[in-house]
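User: Hello! I am new to this structure and would like to walk through it with some questions. Could you show it to me?

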Amino acid sequence: RIIRPTGGINKWLHFLPISLHKMVDQVLRHILSNTTFTTLFQGKLSAPYPVSNVQSLGLSSVLEADSRRIVTMVRDTFEKEGLAIVIACGRDTIPYASSVRCLAPDNVFVIQIQHPRYRLDRFDLVVTPRHDYYALTAKGQQGVPWLFRRWITPREPPGPNVVLTSGALHQADSAALRVAATNWHDELAPLPKPLVVVNIGGPTRNCNYGVDLAKQLVSSLHNVSETCGSVRISFSRRTPQKVGPLVAHILFYELCAVNFLEPFCWQVSDLILREFSTHPKFYIWGGEEPNPHLGHLAWADAFIITADSISMLSEACSTGKPVYVVGTEHCRWKFSDFHNTLQKRGAVRPFTGSEDMSDSWSYPPLNDAIDVAARVREVLAQRGWTVG
């Protein structure tokens, strides 16, 4: 894992490369060791500067990444166990993964998930959504001022070490859904059909919408309720756990306020709870454990999903079941390109509120993880390696 410094002004420093961020953090800790200055400095901030990093929940036993220690390990085990596959995901892992490959190129096979912006030759494979290359299209370049184009991902067309996916990688494969279907059988199997699952995210920079969309969603759900057997509504997976619907509503509002999405989040949660909390066909997940997300993917007959979440749409489209999208007209840039790709595949349709939710249609499911795994095996085989 990669841990950025937290607390105090660190929440404004996440734009920095992680190595520079950690360096700034160490300097500030040294400066703030002076009690007088610390009191003055903290008085101007909304949160105190911590003495040490806050450990990520559930990850206390996972080691902090250390490139040189990883290199030592893979070299020591190479003769006995063979090539080490290093899979890194996200911006903060880039310097660590590229360092490992630079220091031990003959002992590792490095896969970087999500586009690293430049110097893709630092990795054996780069796995990234196709829509990340929207910036290179004629239409994409029209939306970016010339001076900023060299800073937009990516800078050049994909090379032979780039694997393009239709959507986001996720863990909801067929094996996981079979297990979820068994685990959630008693609760979800008896529900009246069709079972419609509604997943609600929140606005983003490239998919910006507000209260009007929340009202549109509520109205459309009322319109289609007659053709639904049962409806289960979930907010983002960030919804707090082990709370009832009313408390979930309050905490969800607080969470959204922290993320600068207060108006939309308050309105959508308020509207959903007010309109459907007593409706006999509707169930609103309140954040209690266990999380029904995989169960919903396994048992749903159709999905209604807000356009902002590429991951939720990718998961739903891997099932081959009908997926309706809310709010695509508010999306731009690569989000718009992503939605266009799904529509061309026949995987999604816009949710208008006039649908008969008992209608069923299908399409070739997104199998990005399987396709990526096949490509990894292929490249390894070309270099004389096989995955045991």
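Analyst: Happy to! A salt bridge here is a side-chain nitrogen of Lys or Arg within 4 Å of a carboxyl oxygen of Asp or Glu. Please keep in mind that this is a predicted model. With that cut-off, Arg119 and Asp121 form a salt bridge through their side chains, with an N to O distance of 2.9 Å.

User: Are Arg119 and Asp121 buried, exposed or partly exposed?

Analyst: The limits that matter are under 20% relative accessible area for buried and over 50% for exposed. Arg119 has 46% relative accessibility, so it is partly exposed. Asp121 has a relative accessible area of 49%, and therefore it too counts as partly exposed.

User: How many salt bridges does the rule give, and which residues do shared partners join into one network?

Analyst: The count by this rule is eight salt bridges. One of them pairs the side chains of Asp124 and Arg101, at 3.2 Å from N to O. This pair links distant parts of the chain, since Asp124 is in the loop between strand 2 and strand 3 and Arg101 is in helix 4, 23 residues apart. Salt bridges with shared partners make one network of Arg101, Asp124 and Arg383.

User: Which parts of the chain does the salt bridge of Asp92 and Arg4 tie together?

Analyst: The side chains of Asp92 and Arg4 meet at 2.7 Å, N to O. Asp92 sits in the loop between strand 1 and helix 4 (94–103), and Arg4 in the segment before helix 1 (18–31), so their pairing ties together parts that are 88 residues apart in sequence.

User: What does Val323 touch, leaving out residues up to four places away in sequence?

Analyst: With those close sequence positions not counted, the contacts of Val323 include Phe303, Ile305, Leu313 and Ala316. They also include Cys317, Ala347, Val348, Arg349, Trp361 and Tyr363.

User: How far apart are the end C-alpha atoms of helix 14, and what span should its residues give?

Analyst: Helix 14 (residues 368–382) has 15 residues, and at 1.5 Å a residue these should span 21 Å. The distance between its end C-alpha atoms agrees, because it is also 21 Å.

User: Are the buried residues of helix 14 on the same side or on opposite sides?

Analyst: The buried residues in helix 14 are Asp368, Val372, Val376, Val379 and Leu380. Around the axis they cover an arc of only 105 degrees, which puts them on the same side of helix 14. Among the elements covering these buried residues are strand 1 (84–89), strand 2 (108–113), strand 3 (125–129) and strand 4 (162–165). On the other side of helix 14, the exposed residues are Ile370 and Gln382.

Note on methods. Residues numbered from 1 in each chain as written. Predicted model: local features only at pLDDT ≥ 70, side-chain atom pairs only at ≥ 80, totals over all residues. Heavy atoms only, no water. Contact = heavy atoms within 4.5 Å. Helix = DSSP H or I, 4+ residues; strand = E, 2+ residues; numbered from the N terminus. Expected span 1.5 Å × (residues − 1). Buried < 20%, exposed > 50% of the residue type's maximum accessible area, 1.4 Å probe, protein only. Arc of directions from axis to C-beta.
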